Amino acid sequence: MKAAVYKGIRDVGIREKDMPTIQHPDDVIIRVQRTSICGSDLYIYRGDLHETMGPGESGLGHEMVGTVVEVGPSVTRYRVGDRITAAYSVSCGSCPSCRLGMTAHCETTNKAVYGFGRAFGNLEGAQAEYLRIPHAEAHTERVPETISDDQAIFLSCNLPAAITGVENAQIQLGDYVGVVGLGTTGQLALRLAANRGAARLFALDRVPARLAKAAQVGAQTIPVSDPNCVEQVWELTAGHGLDVVIEAAGQRDAFDLALQLLRPGGTYSGLGVYVGGGHPLNIGDVFLRDLRIFTYGFDNTRGHMWPAIRLIERGVIDPATLITHRFTLDQIADAYRLFDQAEDGVIKVAVHPPGGNHR
Ligand SMILES: [Zn+2]
Ligand SMILES: [Zn+2]
């Protein structure tokens, strides 16, 4: 079968791999119907995890919808032909961390993530024709008929993460809410914040097309390339500042920017992915302004897949509207290149493996 692999820094490609097989009684094998590239895949692409990726070997991708083609003997919930999606992180459902809802911190799988190399369980990735799903009943959902493949790929990661960000933000009716970083998860968080009763939305990013997409839902857009972007927000809020900022950029300057926009007692809700250490936090400022800081970039997606399904099914949010580009699996190198460069107004890239019953 064909699978995308990490070959080196800014170098991905397709290679032939053996078909996955059932290795444990609770595994299932899926034929991947659709997959996608996530902002967090760019950390791998740009070499931030180079030391723990096997060049030419390590699979890529953690967002998927697929059809079950084989089930392990202890799996009772699924049958061949079922259409399912899995959380990006593999959780067992029964260890202490899983029982606390901290499924990304599963002690059984030791923080395993699909397509994230040796540091995260050395699992194959979803950007492939087939994928083995370990602990299959613990971190998957059956996808209802009413949800398309395009919508279902957002159930692995982006939409549950956006729900996490909005819930941590504890948005109150009438709040002024900012979203810094308008990639897929930021766009979804912006839309959920509007639903949650925010009186005013501010959207900050450097990419004009992403700002334009945010303007479609009524957000006041502010390019972060403007050196006065912080002052602008304070002026537009009559010196009040923002009650809540959701940060979905995963850049250290975006973290700093988010804190600068908050009023005293304001809430920072972080969804961005950070790897490595070494960033100064002005703890005196955080203290004197009574800021509340929540970080949840290593999102415990499992618990928010079910509400995410409901939100899509009932039409509260349609994440598929954020798909701007499509590539076949064979074109994976082009897909990563475009996404990395944020070219051509790209927000979400869908990837179509060959064959299958796409819908
Ligand atoms: Zn993702
Ligand atoms: Zn567990």
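**Close-up views of a predicted model**

**Figure 1. Arg200 and the ring of Tyr176.** In this predicted model, the charged end of Arg200 sits over the ring of Tyr176, at 5.8 Å from the centre of that ring. Tyr176 itself is partly exposed, since its relative accessible area is 25%, a value that falls between the limits of 20% for buried and 50% for exposed residues.

Figure 2. Six aromatic pairs are found in the structure. One of them brings together Tyr176 and Phe202, whose ring centres are 6.5 Å apart and whose planes make an angle of 55°, so that the pair is classed as tilted. Tyr176 belongs to strand β8 (residues 176-180) and Phe202 to strand β9 (residues 200-205), and this pair links distant parts of the chain, 26 residues apart. Phe202, with a relative accessibility of 0%, counts as buried. Another aromatic pair, between Phe255 and Tyr268, is edge-to-face, with 5.0 Å from centre to centre and 75° between the planes. Here the link runs from helix α8 (residues 252-260), which holds Phe255, to strand β12 (residues 262-270), which holds Tyr268, and the two residues are 13 residues apart. Both Phe255 and Tyr268 are buried.

**Figure 3. A cluster of four aromatic residues.** Tyr88, Phe116, Phe120 and Phe298 come together in one aromatic cluster.

**Figure 4. The site of the zinc ion (ligand 1).** Four residues coordinate the zinc ion (ligand 1), namely Cys38 through SG, His62 through NE2, Glu63 through OE and Cys157 through SG, at distances of 2.0 to 2.3 Å. The angles among the four donor atoms run from 93 to 119°, and the site is tetrahedral. Along the sequence, the donor residues of this zinc ion (ligand 1) have the spacing C-x23-H-E-x93-C. His62 is placed in the loop between α1 (41-45) and β4 (64-71), whereas Cys157 is placed in the loop between α3 (149-152) and α4 (158-169), so this pair ties together parts of the chain that are 95 residues apart in sequence. His62 and Cys157 are both buried.

**Figure 5. The site of the zinc ion (ligand 2).** The zinc ion (ligand 2) is coordinated by the SG atoms of Cys92, Cys95, Cys98 and Cys106, at 2.3 to 2.4 Å. This site, too, is tetrahedral, with angles of 102 to 116° among its four donor atoms. The spacing of the donors of the zinc ion (ligand 2) along the chain is C-x2-C-x2-C-x7-C. Within this set, Cys95 lies in the loop between β5 (83-86) and α2 (96-99), while Cys106 lies in the loop between α2 and β6 (130-133), and the pair, eleven residues apart, links distant parts of the chain. Cys95 counts as buried because its relative accessibility is 7%, and Cys106 counts as buried because its relative accessibility is 1%.

**Figure 6. Ile347 and the residues around it.** Ile347 is located in the loop between α11 (332-341) and β15 (348-352), and with a relative accessibility of 2% it counts as buried. When its neighbours within four places in sequence are left aside, Ile347 is in contact with Gly183, Thr184, Gln187, Arg210, Lys213, Leu322, Thr324 and Phe339. Between the C-alpha atoms of Ile347 and Val12, which are 335 residues apart along the chain, the separation is 20 Å.

**Figure 7. Two loop residues with positive phi.** Arg10, which is not a glycine, has a positive phi near 55°. Arg10 lies in the loop between β1 (2-8) and β2 (11-16), and at 43% relative accessibility Arg10 counts as partly exposed. Ala342 likewise has a positive phi, of about 50°, although it is not a glycine. Ala342 is placed in the loop between α11 and β15, and at 15% relative accessibility Ala342 counts as buried.

Figure 8. The chain has eleven helices and 15 strands. Its radius of gyration is 20 Å, close to the 21 Å that the globule rule gives for 359 residues, so the chain is as compact as a globular protein of that length. Taken along the principal axes, the box filled by the C-alpha atoms is roughly 60 × 40 × 40 Å. Of the 359 residues, 56% count as buried, and among contacts between residues at least 6 apart in sequence, 71% join residues at least 24 apart.

Methods: Residues are numbered from 1 along each chain as its sequence is written. Chains are lettered from A and ligands numbered from 1 in the order in which they are written. This is a predicted model: local features need pLDDT of at least 70, side-chain atom pairs count only at pLDDT 80 or more; totals for chains, interfaces and linings use all residues. Side-chain values use heavy atoms; hydrogens and water are left out. Donors are N, O and S atoms within 2.8 Å of the metal (3.2 Å for Na, K and Ca); water is not among the atoms, so sites may look incomplete. Four donors count as tetrahedral if all angles lie between 85 and 135 degrees; four count as square planar and six as octahedral if opposite donors are over 155 degrees apart and all others between 65 and 115; anything else is irregular. Helices (H or I, at least four residues) and strands (E, at least two) are DSSP runs, numbered from the N terminus. Buried means under 20% relative accessible area, exposed over 50%, partly exposed in between (1.4 Å probe, protein chains only). Rings of Phe, Tyr and Trp (its six-membered ring) pair if their centres lie within 6.5 Å; planes under 30 degrees apart count as stacked, over 60 as edge-to-face and the rest as tilted. A charge sits over a ring if NZ of Lys or CZ of Arg is within 6 Å of the ring centre and within 35 degrees of the ring normal. Contact means heavy atoms within 4.5 Å. The radius of gyration is taken over C-alpha atoms; the globule rule is 2.2 Å times the number of residues to the power 0.38.
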